[in-house]
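Please examine the model shown here, and consider on what grounds its features receive their names.

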Amino acid sequence: MCRLSEERDRDGGKSEIAGNETMLGQISSFIENLHLSYREVYEIIPYRNLILMQKDKLHIVTGSIVKKESGKEMAERRRRKK
């Protein structure tokens, strides 16, 4: 799965998504979730783009967002506080 950003669910990230196991299931979810026509999904937009579009769709965060920082950034922030 393509992960563009990380979220931490209340259940510790143990939730799973069921469905989309067949190509027809994926086509129907693209049509429903991205509000596209069958022709757009099947003929016009490449599959890789559809996957990215679905993954990057705005949604409500149910847990906390994980932000990664380097040690350098943490040290710099600490120096600014003094």
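Predicted model: local features only at pLDDT ≥ 70, side-chain atom pairs only at ≥ 80, totals over all residues.

Q: Why is Phe-30 called buried?
A: Its relative accessible area is 1%, and buried means under 20%, exposed over 50% and partly exposed in between (1.4 Å probe, protein chains only). Phe-30 is therefore buried.

Q: Why is Tyr-47 called partly exposed?
A: Tyr-47 has a relative accessible area of 40%, which lies between the limits of 20% and 50%.

Q: What makes the pair of Phe-30 and Tyr-47 edge-to-face?
A: Rings of Phe, Tyr and Trp (its six-membered ring) pair if their centres lie within 6.5 Å; planes under 30 degrees apart count as stacked, over 60 as edge-to-face and the rest as tilted. Here the centres are 6.3 Å apart and the planes are at 70°, so the pair is edge-to-face.

Q: What is the arrangement of the aromatic pair formed by Tyr-38 and Tyr-42?
A: This pair is stacked, with 5.4 Å from centre to centre and 15° between the planes.

Q: Why does Tyr-42 count as exposed?
A: Tyr-42 has 54% relative accessibility, and the limit for exposed is over 50%. Tyr-42 therefore counts as exposed.

Methods: Residues numbered from 1 in each chain as written. Heavy atoms only, no water.
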